[in-house]
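Morning, everyone. I'd like to walk you through one model today. Please have a look at it before I start.

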Amino acid sequence: MSKKLLDMKDSKNWEKVFDTFTDGIYITNADGLTLQVNRAYEEITGLKAENLIGKYMNQIVQEGYLSTSITQKVIETKKPVSIEQEIKNGKKVALNGFPIFDQDEILMVVSFVRDVTVLNKIEEDLKQSRFLIDQYQQRLNKMQKTQNYVAESQEFKNVMSLAHKVANVDSTVLILGESGTGKEVVAREIHEQSHRNNSLFLKINCGAIPENLLESELFGYEGGSFTGAKKNGHIGIFEMANKGTVFLDEIGDMPLHLQVKLLRVLQEKNISRIGSTKSIPIDTRIIAATNRNLEEMVQDKTFRQDLYYRLNVVSIVLPPLRERKTDIPPLIEYFVNNINEKYKMNKKLSPSMLKCLMDYDWPGNVRELENIIERILVTSEENEITPKAGLLPWNPSVASILELEADEIIPLKEAYDNLEHTILQNAAKKYKTTYKIAEALQISQPSVSRKLKKHKIKWNE
């Protein structure tokens, strides 16, 4: 049986070989004159061979078909070169250019081309998937707990009772309260108890994100809609949380022009990405929170009245920790257990330390309590922690330090040091010189200086 041999000197046969490659191939001579491109190159770039063959690379770049020339770089360096190139239609491609030598002189340059627009899209989708996985993992972690909050006081139980009532309806909720009172805890509980709990709960702090970024985070944008925008665009939080819940923390810090857009979301149940006129319908519940007085802001015209009424369908007011002190002991127990587990410790607080914590007003509320408990546990060397000198960031009363439970015993030297530290710290705040401190305490000035140094107390001298 006769076999028909392939004549490789025939240019048509070479074209057939080139067209079998899935990578794009671009061939020029040593002067940058385009000799050949294969079909894959045309499909990847959208450029036609007839517009390229017979033209020099400089001319092709000047005409705007390509952003830069890899051929020139290969000719200049006489080495393989890898670059990223942008095509006229906005596509990005990865190029690897190789010099072909005839002895020591470059005969031609062969470049292999791959579409990275698809790779970028895959990378963006991967980031989105990782984000969703993280959200679902957080949800799974929370589902494994029997309760996501600590409530012993009747005041906080009333708050949670109201939260559970509104969970199964889609009314907009406005949560009010001082910073650190647990507004996010209440918002999450509403979401977890609602029919939306299989979808995302996404939080955004309206006061922590720059104004120009906040809009794109909330509403998303189309590709190329502004300088620095991703080519493939960006999906916003409202769209991402469709069928779920968006928690707008610090809503009082939202700029006025975004308040208008948010009002439209609440009224029309759709959003438009930046750079697009297309309306995208959404089914997203909105929960807002603030520690500011929105009624006063409405009067001052720094917050829109119509938006305030739209948000304030159901308001939940969180009492500060100082008004629900019966929550402090269980919160302390909760934080101590978590920190012990986290750092593999086995520490506890003495009754006198608990009394010091109960006597404090907690201006930073639950968040401050959590931070103080962690500081106490990680900085103290004892397993049972007493109100030792300098351990707390405030001055406990002498009564709190000296008042012990019937079964609590501490060394007399430790009790004396604690009391001495508190008295010295109070005196150092009141008087400006060690001489006046000495006069008030009826000891010598050198003794005052030595004791202040011993207890590491600073004073305004």
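I'll take confidence, then the sheets, then the cores, then a few backbone details.

Confidence first. This is a predicted model. Mean pLDDT for the protein is 83, and 82% of the residues reach 70 or more. Where pLDDT is low, the predicted coordinates should not be read in detail. So much for that stretch.

Now the strands. Start with S5, residues 105–115. Strand S1, residues 24–29, runs antiparallel to S5, and 6 bridges join the two. Look for Ile 25: its bridge partner in S5 is Phe 112. S5 also pairs with S4, residues 92–102, again antiparallel, over 10 bridges. There, Ala 94 has Arg 114 as its bridge partner in S5. S4 and S5 make a hairpin, with 2 residues between them. In that turn, Gln 103 has a positive phi of about 60°.

Next, the parallel sheet. What is the strand order? It reads S7-S10-S13-S6-S14, 5 strands in an open sheet with parallel pairing. The edges are S7, 201–205, and S14, 314–317, each of which pairs on one side only. From one strand to the next, the twist averages 20°. At the S14 end, 4 bridges join S14 to S6, residues 173–176.

On to the cores. In soluble globular proteins, nonpolar side chains tend to be buried together. Here the largest nonpolar core has 33 residues. Which of them touch the most other members? Those are Leu 218, Phe 238, Leu 248, Ile 251, Leu 262 and Phe 303. Several elements each supply at least two residues, among them strands S7, S10 and S13 from the parallel sheet. Helices H8, H9, H11 and H12 also each supply at least two. H10 gives the most, with 5 residues.

Zoom in on Phe 303. Beyond its neighbours within four places in sequence, Phe 303 contacts residues including Ile 251, Leu 256, Leu 294, Met 297, Val 298 and Leu 311. Gly 252, Gln 259 and Tyr 308 are also in contact with Phe 303. There is a second, separate core as well, with 24 residues. Val 150, Leu 321, Val 366 and Leu 392 are among them.

Now H18, residues 434–441. Its buried residues are Thr 434, Ile 437 and Ala 438. Their arc around the axis is only 100°, so they sit on the same side of H18. Tyr 435 and Glu 439, on the other side of H18, are exposed. Just after the helix, Gln 442 takes a positive phi of about 60°.

Last, two lysines. Lys 269 has a positive phi near 55°. Lys 269 is in the loop between helix H10, 256–268, and strand S11, 270–271. Lys 269 is at 43% relative accessibility, so it counts as partly exposed. Lys 344 is at 73%, so it counts as exposed.

That's the tour. Over to you.

Terms used:
Residues numbered from 1 in each chain as written. Predicted model: local features only at pLDDT ≥ 70, side-chain atom pairs only at ≥ 80, totals over all residues. Heavy atoms only, no water. Buried < 20%, exposed > 50% of the residue type's maximum accessible area, 1.4 Å probe, protein only. Arc of directions from axis to C-beta. pLDDT = per-residue confidence, 0-100. Pairing = 2+ DSSP bridges. Axes fitted to C-alpha atoms, helices over the stretch in contact; angles between N-to-C directions. Core = buried A, V, L, I, M, F, W, Y, C linked by side-chain atoms within 4.5 Å. Contact = heavy atoms within 4.5 Å.
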